[in-house]
Amino acid sequence: MEYDIVVIGGGPAGMAAAISAKKNGTDSILILERDTRIGGILLQCIHNGFGLHYFGEELTGPEYAARFSDQVEELGIEYKTDTMVLEVNNISEKDGQGNSLHLVTAINTKDGLMHIKAKAIILAMGCRERTRGALVIPGTRPAGIFTAGSAQRFVNIDGYLPGKKVVILGSGDIGLIMARRLTLEGAEVKLVCELMPFSAGLKRNIVQCVENFNIPLKFSHTITEIHGKDRVQGVTVAAVDSKRKPIPGTEEYIECDTLLLSVGLIPENEISTACGVAIDSSTSGPIVNERMQTSVEGIFACGNTVHVHDLVDFVTAESLRAGENAAKYVQGKKIQNPEHITLRPGNRVRYTVPQYIESKESQDPVSIMFRATDVYRDVTIVISSNNERIRSIKKKIVRPGEMQVVELKADQLAKVKDNITVAIELPEEDVE
């Protein structure tokens, strides 16, 4: 089989990228999805709050996914579900533009083992949850320990209640949403505890899902032991110091039959690393330029594969850009005289996406996404190049759980020298 573009992943990122590529003049597109239907994680996110930025209205996850899956059907974009991609390789064969082709190896029960040639690949595999094994919590290995996303699938898709008395470790968005969901289904959420002194989730989820339901939320606390043999019987919770070490004497036993872990998401990139794509240690995702192209020519990436997003609207905007540029790539529309302008995270910024810019001549604004390292109030976001300010924006508050987006227009890009630094300045440092 041969296609111009193969999209790996049929979630919100993959669907948006495929739709954008189709609308930008590339017809030969194939989406490969390992689940039984396209839509990705949105299918189990039955709560509202999606689409406020992109559609200007509030939708549930399945409604948001349906708007894109309907477009996929209307545009006649081919897709295969129940299909697992095993690997992606570069091959010596060239396309009409002189670019190396890529070979995708995939498998399903209908077609068997497939080898698919593609001029461009879009990686949109999403992310996975960090599990108990990554946390090294002492104790036994009883039943009743779930990641928050697994519990969400059990409740919303399969119709199972994982437990009656629940403790949630971590205040990520899925954990906060599941605190509300389980309460509505009749379970008692005894506690949400967070290792850090701030939440990893959106402020609106803290208010709507925890505070409004009077669910206890303790910051700077963690679980030091899990009790129970066949089933979870309880957990020991303790306060932690500034180095995140448990403080002796602060231990508290909480009886429960279920423990949910909402302790972070990791971009899914086994396929990316296997085909030679460079990975950013800060994001755990591919290093990309402003066109969402990775370090391997012809391979693009978008969505939670690149970095973990808090809003699907941002995923969509990023994926539309990836799809448009993948279409331009297969049509031979390349950047003339590409540069390599590095984007660097400055003070109080954890990472930036993209990690570099190849052209200052783009007429479209370049979107820079980044996250703060802590909660800061009354700050100035400063974009500078060689110590010269290009743009500065005042913000009332920035949080690690909320993505920040800044756009650089063509006239601002023209001022860039050899690198760009994104920093957050506190009020006393803000000197114009």
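Leaving aside neighbours within four places in sequence, which residues is Ser-69 in contact with? The answer is Met-15 and Ile-38, where contact means heavy atoms within 4.5 Å. Ser-69 itself sits in helix H2, which covers residues 61-74. With 15% relative accessibility, Ser-69 counts as buried; the term stands for under 20% relative accessible area, with exposed meaning over 50% and partly exposed in between (1.4 Å probe, protein chains only).

A word on the background: this is a predicted model, in which local features need pLDDT of at least 70 and side-chain atom pairs count only at pLDDT 80 or more, while totals for chains, interfaces and linings use all residues. Residues are numbered from 1 along each chain as its sequence is written, and side-chain values use heavy atoms, with hydrogens and water left out.

Most residues other than glycine have a negative phi, and most peptide bonds are trans. Met-292 is not a glycine, yet its phi is positive, at about 65°. Met-292 is found in the loop between strand S20 (285-286) and strand S21 (299-301); helices (H or I, at least four residues) and strands (E, at least two) are DSSP runs, numbered from the N terminus. At 1% relative accessibility, Met-292 is buried too.

Arg-348, again no glycine, has a positive phi of about 65°. Its loop runs between strand S22 (341-345) and S23.
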